[in-house]
Amino acid sequence: MEPNYKDRSVEVERTEVHRKSDSSLVASTFIKYAAYIVITFGVLFFLVRYVFPMFK
């Protein structure tokens with residue numbers, strides 16, 4: 001073989017990575033953040049309804 005010979009028959013192995021989406025993990029994360037939002041609005045409602053009127 002010649003030193004400048006390039007072998008064109010080399011096969012390149014390609015691997016594909018598929019991400020698996022765990023629906024239970026997505027659902028539990030949604031419930032967690034929904035609870036944070038409900039608690040935040042609950043605290044704001046309490047402040048507006050009961051605490052702020054005390055300063056009038």
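Predicted model: local features only at pLDDT ≥ 70, side-chain atom pairs only at ≥ 80, totals over all residues.

Started with the surface: V48, F52, M54 and F55 form a nonpolar patch with about 520 Å² of accessible area together. Patch rule I used: residues with over 30% relative accessible area and no salt bridge, nonpolar side chains (Val, Leu, Ile, Met, Phe, Trp, Tyr) joined within 5 Å and like charges within 9 Å. A salt bridge here is a side-chain nitrogen of Lys or Arg within 4 Å of a carboxyl oxygen of Asp or Glu. Areas are Shrake-Rupley with a 1.4 Å probe, and for residues only the protein chains shown count as cover.

Numbering runs from 1 along each chain as its sequence is written, and side-chain values use heavy atoms, without hydrogens or water.

Is M54 buried or exposed? I get exposed, at 65% relative accessible area (buried is under 20%, exposed over 50%, partly exposed in between). M54 sits in the segment after α1 (23–51). I find one helix and zero strands in the chain, taking DSSP runs of H or I of at least four residues as helices and E of at least two as strands, numbered from the N terminus.

For the whole chain, buried residues are 0% of the 56. Accessible surface is about 6,500 Å², 62% of it from carbon and sulfur atoms.

Next, the rings. I pair Phe, Tyr and Trp rings (six-membered ring for Trp) with centres within 6.5 Å; planes under 30 degrees apart are stacked, over 60 edge-to-face, the rest tilted. That gives two aromatic pairs. Y33 and Y36 are edge-to-face, because their centres are 5.6 Å apart and their planes at 80°. Both lie in α1, three residues apart, about one turn of the helix. F46 and Y50 have centres 5.7 Å apart and planes at 40°, so I logged them as tilted.

Technical notes
Buried < 20%, exposed > 50% of the residue type's maximum accessible area, 1.4 Å probe, protein only.
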